[in-house]
Amino acid sequence: MSAALVTRGLGRRYRSTWALQDCDLEVPAGAVIALVGPNGAGKTTLLQLVAGLQRPSAGSISLFGELAPAQSPQALAQLAFVAQDHPVYRRFRVSDLLHLGRSLNRTWDQDFAERRIAELGISPRQRTGRLSGGQQAQVALALALAKRPRLLILDEPVASLDPLARREFLQVLMGTVAGEGLTVLLSSHNIAELERVCDHLVVVAGGRVQLAGDVDSLLGDHRVLTGPSAGVPGGPGVVHVDQADRHAHVVARIGPAEPLPGWQARPIGLEELVLAYLRRAREPWPVPSEMELSA
Amino acid sequence: MFIFQLDSTSGVPPYLQLVHQVRQAVMVGYLREGDRLPLIREAVEQLAINPNTVSKAYRQLEHEGLVDPRPGVGTFVARAPDVTVPPAQYAKLRRGLERWLREAEAAGLDEEAVGALLAVVRRELTEEGAA
C-alpha cells in the first residue's frame, strides 16, 4: 500500500518553545488514523501543519508520494480540513456555503454536496447559525467531502456532539471511507469510539510522537505482565510499570515471547496501551538494562 | 438483513465481536445457508466502524469455512453447522450457564478454575458415555 502522508523530522516552534518536534510518520493510503494525546500535546499543531495552515519550523511533509510545501495549491487540492467545533459561517445560508465551496476549490462536486444536504433534511435556504450542533457538523463534513479530497483531516470532530449526532457523523464518515478509499486523520479523546473507527494510531505527548502504527499489530506486540515487585524486568521493551508493595504490573512490548518464569501475561486493550505511553511520557521510567524481559 | 451490534466496553476487539455474532447466529438459525451477510459498506454504515474491521471479520469467517464470498455480489453463509439449536433452547441453556457461572464466581472460582472444572466434568461424562 502506498503512503498517503509521510512526515520527516517535522517540527513547529513558537518563539523558543517547540510545540511539535522530530515528528516522523508514515501513513498508508486508505487508513483511518487516530491522533491521541493530552491537551497541549501538539495534536492540533500537527494537524494544522499537515493541512498547510501553519508552516513547519523544521522537516518536511509529503502527500501521496510528493513533497508538499506548505500552502502549495497542489497539496491543498488533495486535502480537506475540518477544524475543532466544525465552524460554519453562522450568518450564511447553507446554499451560500455551497457557493463559497464551489468558488474556492479547484475540484468541487456540487451534486454530491446538494444530495448530502437533502439527505440530511436540511433546507439550502436555512441560515447555518440556526442549525443544531449535529447538523452544523454534518454540513461541515459535507462541504469537506464535496471537495473530493484524498486526505481528510478532522480536529476533534465529534467532541461537542450528543451521542446520536456522533454516531450519525461517524456513519457518514465511515461509509465514505468504505466507498471511496479516503484516508482520514482525526484527533479525539474518546478511545472507545476510536477503536471502532480507526485502524492506525498515533500517540502524541509533550510535542513528540510516543507511539505510532497499525492498531492490531500494536495490540499484538504489547502485553500486560504481572509478577513479584522484587523482580521487575527492565530493558527497552518496558513501557510503563505500576508498582505495588508485593507485585507489579508491567506494560511491555515483547511480542509473542514467553514472559519470565513467575510472570503472567495477558493481552492489552487499546485504552490501557495509550495510557501506558502517556504516563511514560509524563514520568519516564528509569530503565535498568541488565535484566531481560522474556525468558 | 442481518444486523450487527458492537459493545465498545466489552474489551473484545470489534472484528472478533462480528465473528462471534455470525457464528452464534448460524448456530441458533438466525442465519441460514445461502443468507447474505451485510455488504461491507452496509455494516460500516450500521455500526459507524472502520471498513477494514468488517473485511477482517469476513476473512476470518471465510477461513473457518462458515461463509463464502462471491465477488461483486456479497458474502453468503456457506453451510449450516452440524447442530442447530432452536433459539428458545439456546436461550434456556445460556440462562442456566449464566446462573451457574454467577454461583461459581460467588464461590471464588476464577476463569481458570472454571475452565479446568469444565474440562474435568466433560472428560468424566465422555468416559461415562464410553463405559
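Helices (H or I, at least four residues) and strands (E, at least two) are DSSP runs, numbered from the N terminus. The model is a predicted one, in which local features need pLDDT of at least 70 and side-chain atom pairs count only at pLDDT 80 or more, while totals for chains, interfaces and linings use all residues. Residues are numbered from 1 along each chain as its sequence is written, and chains are lettered from A and ligands numbered from 1 in the order in which they are written.

From its first C-alpha to its last, α5(A) reaches 20 Å, close to the 20 Å expected at 1.5 Å a residue, where the expected span is 1.5 Å times one less than the number of residues. Just after α5(A) comes A:R148, which takes a positive phi of about 55°.

Helix α4 of chain A, residues 110-119, has A:A113, A:R116 and A:I117 as buried residues. Seen down the axis of α4(A), these buried residues fall within an arc of 100°, so they line one face of the helix; the arc is that of the directions from the helix axis to the C-beta atoms. An α-helix has 3.6 residues a turn, so residues three or four places apart point the same way. The buried residues of α4(A) pack against α3 (94-104) and α5 (133-146) of chain A, contact being counted if the C-beta atoms of two residues, placed from the backbone, lie within 7 Å. On the face turned away from the buried side, α4(A) carries the exposed residues A:D111, A:A118 and A:E119. A:G121, which follows α4(A), has a positive phi near 70°.

The domain assignment of chain A gives domain 1 (3-88 + 147-206) and domain 2 (217-282), with bounds that come from an automatic or database domain assignment. The C-alpha centres of these two domains of chain A lie 29 Å apart, and nine residues of domain 1 are in contact with seven residues of domain 2. On the domain 1 side of this contact, the elements that give two or more residues are α7 and β9 (200-205) of chain A, and β9(A) gives the most, with three residues.

Between the chains, the contact takes 17 residues from chain A and 15 residues from chain B. On the chain A side, α6 (163-180) and α7 (191-197) are the elements that give two or more residues, and α6(A) gives the most, with eight. The chain A side divides into eight nonpolar, four polar and five charged residues, where Ala, Val, Leu, Ile, Met, Phe, Trp, Tyr, Cys and Pro count as nonpolar, Asp, Glu, Lys and Arg as charged, and the others, Gly among them, as polar.

In chain B, B:V26 lies in helix α1, residues 14-28, and is buried, with 22 other C-beta atoms within 10 Å. Chain B averages a pLDDT of 87, and 95% of the residues score at least 70, pLDDT being the predictor's confidence in each residue, from 0 to 100. The model scores ipTM 0.74 and pTM 0.81.

Technical notes
A residue is buried if 20 or more other C-beta atoms lie within 10 Å of its own, exposed if 12 or fewer, and partly exposed in between; C-beta atoms are placed from the backbone.
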